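We will stop at a handful of residues and then step back to the whole chain.

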Amino acid sequence: MSVESLANYESWDLTMNQLPKRSHLYSLKPIGFGTPTVESFTSYLQRLAAAHGVSIASLIRYKITPLFIQSNQPQPPDFLKADDAIKMLINTWHREPALLQQQSAKFWLDQTQHVSKVVAIVEKLTARLDLSFLTLLQWHSWRLNFSHIFHTEQRWCSGCYQDWREAGKPIYNPLLWTIEPVSVCPVHQRYLQLRCLYCGCFQQFLNLDCNSLGYCCVCNAWLGRFVDNTSFSQGSRFDWEKWAAQSVGQIFGAMPTLSSTSFSQDTPLVKYRRKPTLTKFLRWCYKLGINPVEGLESLSIIPSVLS
């Protein structure tokens, strides 16, 4: 057979593809990023634990706590004996898990230093860079009084739970539901629920023993059961509460574009003797008839807004 009659085939490229860096835990995508119903960090932790088939307590103790201890541990002196170093490590190990098993929204969602450390640890484990937007860390430079900014118990909208369930979407808790001025669901325009309709119990923000979001932490009943509270959903008070919920949602939706570190060089329009609470700021915007996102800068709550 002549050479001219042989078929020419495409050559194979045997070069090994460069694999991207793998994350230690699943790189679970937060729900509702950049929207008014962005997921809360506590909800994300519960979904992350459920994705790995472990309890949230195990996720905290065996994955988050060791790195949290490492971030808090000062460099041991050279002259420290090995036995003393081990004792110090054991004492720290017993103290930090108790610290990280707090169940309040303030502990996990505030703009404090320990929240920043935990978020950085979970971002490292999941190889994500957007988890700080599931907390109020971006608010750390805002001229607001953050006292009592969170509800003391988890609230929820039964309509949202039921809609997500029927649509086959993941059940989660938006950050919006944790904020104290928010008592109304802006989607279904009804009051958020506070107690389980079956056992009457309050719900925890972070259930260490169960990852079933949307179910009662005590009796395991479905929390999407509808409650007819239309008789309360009227009047000027309800109009204000609905507006407040929509406004906080607008702020959360704009969070990725809000500056939290650079201050404007211009003279503030408003000088405060005392920092206003979030509720007071919202009432100012409500009375002035201005968009709350624009009000953050015009009322000198934040330094500037990025275009």
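**Stop one: Ser-43**

Select Ser-43, which counts as buried at 1% relative accessibility (buried means under 20% relative accessible area, exposed over 50%, and partly exposed in between, with a 1.4 Å probe and protein chains only). This is a predicted model, where local features need pLDDT of at least 70 and side-chain atom pairs count only at pLDDT 80 or more, while totals for chains, interfaces and linings use all residues. Residues are numbered from 1 along each chain as its sequence is written, and side-chain values use heavy atoms, with hydrogens and water left out.

Ser-43 sits in helix α1, residues 41-51 (helices are DSSP runs of H or I with at least four residues, strands are runs of E with at least two, and both are numbered from the N terminus). Now show what surrounds Ser-43: beyond its neighbours within four places in sequence, it is in contact with Tyr-172, Asn-173 and Leu-213 (contact means heavy atoms within 4.5 Å). Which backbone atom lies 3.1 Å from a polar atom of the side chain of Ser-43? Pick the backbone nitrogen of Asn-173 and you have it.

**Stop two: Thr-178**

Move on to Thr-178, in the loop between α6 and β1. Thr-178 is buried too, with a relative accessible area of 0%. Leaving out residues up to four places away in sequence, Thr-178 touches Ser-40, Leu-109, Ile-149, Phe-150, His-151 and Phe-205.

Next, select Gln-189, in the loop between β1 (184-185) and β2 (190-191). Is Gln-189 buried or partly exposed? Its relative accessible area is 38%, so Gln-189 is partly exposed. Gln-189 is not a glycine, yet its phi is positive, about 50°.

Then jump to Ala-127, in the loop between α5 (113-126) and α6 (158-166). Ala-127 is another non-glycine residue with a positive phi, here about 60°.

**Zooming out**

Finally, colour the chain by secondary structure: there are nine helices and two strands, in the order α-α-α-α-α-α-β-β-α-α-α. Of the 307 residues in the chain, 43% are buried. Among contacts with a separation of 6 or more, 73% join residues 24 or more positions apart.

Methods. Polar contact = N/O pair within 3.5 Å; in protein donor to acceptor, adjacent residues only side chain to side chain.
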